[in-house]
Amino acid sequence: MQSIRFSSRMKIYAVLLLVFVLFVPSCKKTSPQSSPDKAKSSNSNAQTATPGTPPSGLVPIPIELPNPMFVGTPQDFKVSNLEKPLGKPRPPFLAPPGTENAAFLKTVAATDDVPIIGEIEMITDGDKQATDGSYVELGPFLQSVTIDFQADYDIYAVLLWHYHQQARVYYDVIVQLADDPDFITNVRTLFNNDSDNSSGLGIGSDMHYVETAEGKLIDAKGARARYVRLYSNGNSSNELNHYIEVEVFGKPAK
Amino acid sequence: MKYPEKCFAFILLAAIAALSLRLPQLDARPMHGDEAVNALRFAELLQKGSYRYDPDEYHGPTLNYLTLLPARFTSARSLSDINELTLRIVPVFFAVLLILLLLMLADGLGQAAAIIAAVLTAVSPAFVFYSRYYIHEMLLVCFTFGAIASAYRYTRNRNFNWAILTGVFLGLMHATKETSVIAFASMLPALLLTLLMMRRTGASVSDTLKKIKPSHLIATIAAAVIVSALLYSSFFKNPHGILDSAASYATYFNRGFGNSVHNHPWYYYLKLLIYSGSPQGPLWSEGLIVFLAAVGFIAALTKKGIAGVNIHLLRFIAFYTAVMTILYSAIPYKTPWCMLSFLHGLILLAAIGAVVLTKLASNVLPRLIICLILIVAGLHLTFQACRAAYTYSADPVNPYVYAHSTADVVTIAGRLEQIARIHPDARNMHIQVICPADDYWPLPWYLRGFTNVGYFRHVDINVPPAPVIIVSANLEDALAEKLYELPPGGRNLYVPLFDRYMQLRPGVYLQTYTTKDLLDTFQHHQP
């Protein structure tokens, strides 16, 4: 059987080539012939705007332009049907006078009785910070929390925060109202962004959204109910479910 | 080092196949933000001849220095002279070298396994995809394997040259990326476990260790330190870079275990390899490699079904890969390209596994069937590799596409080039880019031909508005307020350049405004 030998001469050549590659740049000198245009094209230098031919007697304003700042790897979002950011603070949501947070300190039930982090009660304790100690972490897959207002309310808006310490999108966010704790009677869906019915609760037409400190505000249009249930099915960072706070704005039904 | 001509020919063929999978349309995929950052950092070296290591970001200097080769080859002198090909050819080169390095291990892995490893490296979708990425990963994998292969060769003949080459590769690893420390941390326990298994088989560990000459060991360490120090100190222009390279580990440790947007569950990498899919796209799997690697791992430990190989090398690779996979999975911070380091180990084990499986069959027919299944599975990997590198190269349905720029950035740059042709200042046309948190990459790469581009984090009312403004959708209202509500009057009317929001990345929206006069002039010149 014929064989090929990796000669020691080849090894020497390889090492020499490597040394050459590494040392060549250290010998580089800035070429005095470099054209000003080319030097300017470096984004490492501040640049000066040069407008078109100015009228006589006028000179161009020397505008110092900031260079691009290097940044690390951006966040990955693989989310279809994502809502465009509003680009400004959310406008005030108008509701009848006397509207209050019907969920504040009310009883909460969850499909995950033993949260990984936090307590279920934190969902209605009024603490909306995203820091550790302010959120509850439920297990993976479809999970839900149900809040009992302990009386019928005319609901105008549901405002929820899953987790806003980093930009995330929660999947299969479904918000429903009902008259009974088992969600059998008079169930109304206020929001549903489950685009593929992976929750088994039907396909929704609402868009995915990025969690922010503003929370997600859902218009309930004055629907009367005693219970609200919120579903989610993991998020764009991991498969767990989180809640910082849920507020339900309404007035006691008369 | 001797190896049969057939083995050499097959590995060479695999390298050629790898090249043919990686080289076409190298400039077609839009630049990733990280690639653009690396490109502009390289441009500083190209234009000023200087490099300064930043311990907070952007990794080690080898990528920058090695890119000088293709840049010099194409006579590039400035940022505007380089293109995607100049940059991406560097990882392509090291991807091919990675395959050729298998020649150094052919007698240890066994010829068949070496050939299979070469083929799998050539066609693995992850390897093909990231070989075309101007980032540090492919260089790190190549240098790491170079270190292992050189060290193995040293164990065969105690030749001083191999000791030096091992040191050079170790130094290059360290100077490429801070995550090299994970490779070092995997090599050490792998070596210890291999030695422990040697002792169980009756071999003397102390005799084995005594065969390593202290002078050679010192030479290896010295070579590693010298290479690393040369690069981190920018060839002694920035000696502090050496200290920075050590200090960087605190930063990277905090990032690795801190709260990051890149934190993913422990099974992220394995899931990515075994099964990925979305309702909008095809299914992806490199499960064949994972399955065969599991077979190879068991075979390496039990020594069953393998002959004519260096069992100690196999065991080292098995332990090294296992430890590295565990370490990478345990670190919360995860980006998909990081998995290449242990995926290469999995590929080496998979090659062993494939050989073991074929040898399990005692008769010709079952053996042929197994071979046929492996060939079909290999072709499926190749098909997926093509799909990842070309059809879905920037599409989020591709599991290896991570935080990637959309083709919209190319569209924006193309339209601005057209406008520059009718603007009196041409490429000196004033452009402003306004995005919060400097989230505008890779636009600086695509706007590199324009000499008057200003980058802002927020809308600055003291800066006169440029005739072209690219603004994040988040800041659109603030820009509108500046343009129309704040004094003084007599201002230009601004209109959107595109009839829709453009996306920097999926879900990151941009709007491009121009003065109405400029847009009218532009439209007037359109055929």
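Phe149(A) and Tyr153(A) are both buried. Buried means under 20% relative accessible area, with exposed over 50% and partly exposed in between, using a 1.4 Å probe and protein chains only.

A word on where this comes from. This is a predicted model, where local features need pLDDT of at least 70, side-chain atom pairs count only at pLDDT 80 or more, and totals for chains, interfaces and linings use all residues. Residues are numbered from 1 along each chain as its sequence is written, chains are lettered from A and ligands numbered from 1 in the order written, and side-chain values use heavy atoms, without hydrogens or water.

Now the rings. Rings of Phe, Tyr and Trp (its six-membered ring) pair if their centres lie within 6.5 Å; planes under 30 degrees apart are stacked, over 60 edge-to-face, and the rest tilted. That rule gives 28 aromatic pairs over all chains. Take Phe149(A) and Tyr153(A): their ring centres are 5.8 Å apart and their planes meet at 70 degrees, so this pair is edge-to-face.

Next, chain B. Tyr130(B) and Tyr400(B) also pair edge-to-face, at 6.0 Å between centres and 75 degrees between planes. Which parts of the chain does this pair link? Tyr130(B) sits in helix α7 (residues 125–131), and Tyr400(B) in the loop between α18 (364–391) and α19 (408–422), 270 residues apart. Helices here are DSSP runs (H or I, at least four residues), numbered from the N terminus. Tyr130(B) is buried, at 0% relative accessible area. Tyr400(B) is buried too, at 2%.

Charges come next. Arg29(B) lies over the face of Phe129(B), 5.7 Å from the ring centre. The rule: NZ of Lys or CZ of Arg within 6 Å of the ring centre and within 35 degrees of the ring normal. Arg255(B) lies over Tyr252(B) in this way, at 4.9 Å.

On to a helix. Helix α16 of chain B covers residues 311–330, 20 residues in total. It reaches 28 Å from first C-alpha to last, close to the 28 Å expected. The expected span is 1.5 Å times one less than the number of residues. Of its 20 residues, 15 are buried, so α16(B) is largely enclosed by the rest of the structure.

Last, cysteines. How many disulfides are there over all chains? The structure holds 0. A disulfide needs two cysteine sulfur atoms within 2.5 Å. For Cys7(B), the nearest cysteine sulfur, that of Cys371(B), is 17 Å away. Cys7(B) is buried, at 1% relative accessibility.

Technical notes: Helix = DSSP H or I, 4+ residues; strand = E, 2+ residues; numbered from the N terminus.
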